[in-house]
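Please look through the sequence and the model shown below before reading on.

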Amino acid sequence: MALPGLDISDSIDTAASLEREIKPFQEFRFEVAPTNTVTIKIKTESPGTAELFGTELSRGTPYTFTGCKSAIYSWTGCTLIIEGSPSVEYIAEETPMSTYLNLHIALEKLRFAASDCPPTADGAQGPRILLIGPPDVGKTTLCKILTGYSIRQGRKPMVINLDNGGEGILSVPGTISAASFGSVMDVEDGFGNSPMSAPSAIPVKLPLVYYSGLETPESGAARYKKLVTRMSVAVNSRLEEDIESKNTGLIIDTPSFENQANGDLISYIVAEFSVTAIAVLGSERLYNTMLKSFATSPGVTVVKLPTSGGCVDRDPPFKKACRDAAVKKYFFGDEKCTLSPYTVTVEFDSPTFALWEVVDSTIADAKTNLSFLPIGEDESSLQLEEVKRLSPGDIDSRFENLIVAVLQVDAKDAGAKEVGESAVLGFLYVQEVDEKARRMKVLSPVPGRVPAKALLVGKWPEGMFLT
Ligand SMILES: Nc1ncnc2c1ncn2[C@@H]1O[C@H](COP(=O)(O)OP(=O)(O)OP(=O)(O)O)[C@@H](O)[C@H]1O
């Protein structure tokens, strides 16, 4: 369509674009470097439809991708127009999409059964599926596909992201989050946006976020478990008030679990979220371990799912670039929506200032401590410190370029327990620490003073330069 009065067309210059025809049940896989941009649309005259990880694409609408490895699947066949230069692009004939669709149909049957029960009955609870497997086997992708399909059926799935080391779902890296998805996801942007200070074309989701500050659950198992428990309590009470979400159930994405050592954490998550189905991707060994572990748990079904050949190992620099991009986007927005963060000064001697730090207590440390317990005392008597309050003298340049979580608890009077278990209001980025003047400059997404809330800093995500 041409803009009235102007000789400007909003269509893509097809002369400079590639055309790719996808046959039914095939997918177009592509990779775009973090520094590159590629635009893809379904050809307007093309009869078929296509979807990106479960979310249907609108015909003729150009979608812009940057720094991603992704795929567009078609059940019917269609023609795509690609503008720009993906670093890799090909059409794949073999995909596990039929298996994933069957899994969705099985979950739908359970959801119909749940909807038929009275709201307060036990049976009103829809399926709660946990997705586990080694790194880069497509757990997050399957989570998106299952979420996309249930949204398309008019459901309201509750999506829980327990992968604290990843890019974050509706939040920055280093967090675990939960959100009810009642509207379409943003195909260009993973799961979409949480509320920010600018309008957005895709309806925003309201996530509940906890900041772990840990790279892996193992680098602070006690803290991670505590946050999982807090999350499960909040999610369960929310579901009691939202029957649609309760009937639809939970879709839970996890960090990489690949061996016996993670069994304890998996069992913990299963118990806390009353998981009813475990889907294991990409590891026969883990599947068999799960079968044995849950053989005596009649309420838990374990299934094995194939991994897509399109799942690619993302090397550490690519993952780091994605994490940096996620944090940058939180403060500065993206091409579609530019944000301007504010620089704010925080005085260490202010009565409303309290900065806490996540303690990196590895399992190894905990075990070492255990062996020094006095005779007769057991593990439960050991109080491992998970967060500690920093005095102004402890705050130096090592905190520069890190993000700081602004917690819901007040700075005044909050103790280690409250800080350790508090949800997050938002994030700040430390630009500069002036040790002598006892103050620091932070970037804040909102103007005005930093609220009088407890601040928490961790070692993850690692430091990054935001420009
Ligand atoms: N069918 C596909 N075609 C192309 N790329 C894909 C496909 N499926 C997944 N990917 C890509 O492969 C990468 C790994 O997938 P994903 O993030 O889902 O794995 P994961 O198991 O959740 O990883 P992690 O262990 O880091 O949590 C992602 O960049 C994803 O977009």
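Ser274 is placed in the loop between helix 5 (263-272) and strand 15 (277-281), where helices (H or I, at least four residues) and strands (E, at least two) are DSSP runs numbered from the N terminus. This is a predicted model, in which local features need pLDDT of at least 70 and side-chain atom pairs count only at pLDDT 80 or more, while totals for chains, interfaces and linings use all residues. Residues are numbered from 1 along each chain as its sequence is written.

Most residues other than glycine have a negative phi, and most peptide bonds are trans. Ser274, although it is not a glycine, has a positive phi of about 45 degrees, and Asp136, also not a glycine, has a positive phi of about 55 degrees. Asp136 lies in the loop between strand 10 (128-132) and helix 2, and it counts as partly exposed, with 17 C-beta neighbours inside 10 Å.

## A cis peptide bond

The bond that joins Trp460 and Pro461 is a cis peptide bond, with omega at about 5 degrees. Pro461 is found in the segment after strand 23.

## Domains

The protein chain is assigned domain 1 (17-94), domain 2 (97-305) and domain 3 (341-375 + 383-457), with bounds that come from an automatic or database domain assignment. Between the C-alpha centres of domain 1 and domain 3 there is a distance of 43 Å.

## The shell around the ligand

Which residues come nearest to the ligand? Of the 20 residues around it, these are Ala71, Lys139, Thr140, Thr141 and Gly310, where a residue is near a molecule or strand if its C-beta atom, placed from the backbone, lies within 6 Å of it. Strand 7 (68-74) and helix 2 (139-152) each supply at least two residues of this shell, and at least three residues are drawn from each of domain 1 (17-94) and domain 2 (97-305).

By class, the shell has five nonpolar, nine polar and six charged residues. Here Ala, Val, Leu, Ile, Met, Phe, Trp, Tyr, Cys and Pro count as nonpolar, Asp, Glu, Lys and Arg as charged, and the others, Gly among them, as polar.

## Two open sheets

Strands of a sheet pair through backbone hydrogen bonds, either parallel or antiparallel. Strand 4 (residues 51-52) runs antiparallel to strand 7 and is joined to it by two bridges, with Glu51 standing opposite Tyr73 in strand 7.

Another open sheet has seven strands in the order 17-22-21-20-23-18-19, with mixed pairing. Its edge strands are strand 17 (342-347) and strand 19 (387-389), each of which pairs on one side only. In this sheet, neighbouring strands are turned by 35 degrees against each other on average, direction ignored; the axes are lines fitted to C-alpha atoms, for helices over the stretch in contact, and angles run from 0 to 180 degrees between N-to-C directions. Strand 20 (residues 403-410) and strand 23 (residues 453-457) pair in the antiparallel sense over four bridges, and Val404 stands opposite Val457 in strand 23.

## The two faces of helix 6

In helix 6 (residues 284-293), the buried residues are Leu286, Tyr287, Thr289 and Met290. Seen down the axis of helix 6, these buried residues fall within an arc of 165 degrees, so they line one face of the helix; the arc is that of the directions from the helix axis to the C-beta atoms. The face turned away from this buried side carries the exposed residues Glu284, Arg285 and Lys292.

## Asp253 and Val280

Asp253 belongs to strand 14 (residues 250-253) and is buried, with 25 other C-beta atoms within 10 Å. Asp253 and Val280 are 27 residues apart in sequence and, from C-alpha to C-alpha, 11 Å apart in space.

Technical notes:
Two strands pair if DSSP finds at least two bridges between them. A residue is buried if 20 or more other C-beta atoms lie within 10 Å of its own, exposed if 12 or fewer, and partly exposed in between; C-beta atoms are placed from the backbone.
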